[in-house]
Amino acid sequence: DPVPRFKSSADVVTIQAAVRNGKGRPVSGLTAADFEIRDNGQVRPVLSLRSDAGSPVSLAILVDMSGSMVISPKLAMARQALDSVISNLRPGEDEAAVFTFDSALHDRHAFTKDPSRLSGALDNLKPYGTTSLYDATAAAARRLSERSAAHKAIIVLTDGIDTSSRYSAPEVSGLASSIAVPVYVMATVPSIDQRIMMEAAERSDQSNAADLRDLAEWTGGQLLFASSLTETTTAAVDLLTELRQQYVIAIEAVAAAERRRLVVRVERAPGGGGA
C-alpha cells in the first residue's frame, strides 16, 4: 500500500542579525548551532539559517535636508556618503531609492537597479526646515516593506538632531522591526558634535528616553559617525559589507498574536563577537 502523506505548515518569524567581533568587524561562517534564540526567555530552535553575501540588497537612503544641515561641512559629507554607497552597489542586482527629509519625507528617486541614475538625486537642493527624522524613517520602512530583496535596510544620513517628529524612537523601531528592516544611521558631523551626541545619549540612558543609537540598535542596525570625507567613504563601505553578511534566522511563531521579546545571542563568534 502507498505510504500516506500529509502536508503541514508553520508560521515563522524571520530575524536579520548582524554579528560583529570584538573589533566591530562582521563575522561570517557561523551555523545555526552558533546561535541561541530566546523568545520571552525561552530557548527556541532555529528552523533555518541563511547568509548569502551574493544576495541582492534593497536600500532606502534618507538624506537630511533640514536647516541644521546647512552648517559646513555636514551636507558635503552627506553627499559624499551617498555617492560612496551608490558606487558600491552592484548594477542589475542591488536596488536603492533616494529620499530627503525635513519636516516630511520627499521622494527624490524611485527604486532602481541602475546606481548611476541616483547620482544627481540631491542636485539643486538646499537645506531648509525642521527635522522629522523618526517620522521619515517610519515612512521609508513602509516603502521598503514592498521590496523583495533578501537583505533590506534603511540608511539615514543626518547630523543626528530630531526636532519635530510625531513618532518616538521606540515607535519607529517597532515598525521597522516588524518588517525586518535594520536602520543604519550615519551621523555626518564634525568631531565636536560627536561628543555632544554621545553626551546626549548618556543623558537619555539615565532618563529612559531614546536616541538615534537606540533606533539603530533596536532594529539590528548601527549608529556610525563620520567627521571627514574619508571617514564617510570608509563608513559607507563597512556598512554595505555588514549588510551583505547579515544572517537571516527563522524560528517558529507562537500561536498568540502579541508582541514578544526576542533575544539573539552568538555562543562562539571569533574575537568575542555578538549579535
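Start at A253, which touches D11, V12, V13 and R44, leaving out residues up to four places away in sequence. Touching, or contact, means heavy atoms within 4.5 Å. This is a predicted model: local features need pLDDT of at least 70, side-chain atom pairs count only at pLDDT 80 or more, and totals for chains, interfaces and linings use all residues. Residues are numbered from 1 along each chain as its sequence is written, and side-chain values use heavy atoms, with hydrogens and water left out.

A253 sits in the loop between β11 (247–252) and β12 (262–266). Strands (E, at least two residues) and helices (H or I, at least four) are DSSP runs, numbered from the N terminus. A253 and T14 are 239 residues apart along the chain, and their C-alpha atoms are separated by 9.2 Å. Is A253 buried, exposed or partly exposed? Its relative accessibility is 24%, so A253 counts as partly exposed. Buried means under 20% relative accessible area, exposed means over 50%, and partly exposed lies in between (1.4 Å probe, protein chains only).

Now move to strand β6 (residues 95–101). Seven of its seven residues are buried, so β6 is largely enclosed by the rest of the structure. E95, A97, F99 and F101 point one way from the strand, while A96, V98 and T100 point the other way. β6 has partners. Two strands pair if DSSP finds at least two bridges between them. Strand β5 (residues 57–64) runs parallel to β6, joined by seven bridges. In that pairing, I61 has V98 as its bridge partner in β6. Strand β7 (residues 105–112) runs antiparallel to β6, with five bridges between them. Here F101 has L105 as its bridge partner in β7. A hairpin of three residues links β6 to β7.

Next come two helices. The expected span of a helix is 1.5 Å times one less than its number of residues. Helix α2 (residues 133–144) has twelve residues and reaches 16 Å from its first C-alpha to its last, close to the 16 Å expected. Ten of its twelve residues are buried, so α2 is largely enclosed by the rest of the structure. Among them are Y134, D135, T137 and L144.

Helix α6 (residues 229–244) has 16 residues. They should span 22 Å, and the end C-alpha atoms are 23 Å apart, which agrees. Its buried residues include T232, A235, L239 and R244. What covers the buried residues of α6? The cover includes β1 (12–17), β5, α1 (74–87), β8 (151–158), β9 (183–188) and β10 (222–226).

In soluble globular proteins, nonpolar side chains tend to be buried together. A nonpolar core is a set of buried Ala, Val, Leu, Ile, Met, Phe, Trp, Tyr and Cys residues joined through side-chain atoms within 4.5 Å. The largest one here has 30 residues, and L59, I61, L157 and M186 touch the most other members. The elements giving two or more residues to this core are β5, α1, β6, β8, β9 and α6. The largest share, six residues, comes from α1. Take L157: leaving aside neighbours within four places in sequence, its contacts include I61, A78, L82 and M186. A second, separate core has 27 residues, including L62, A138, V156 and V181.

Finish with a charge and a ring. R147 lies over the face of F111, at 4.4 Å from the ring centre. A charge sits over a ring if NZ of Lys or CZ of Arg is within 6 Å of the ring centre and within 35 degrees of the ring normal.
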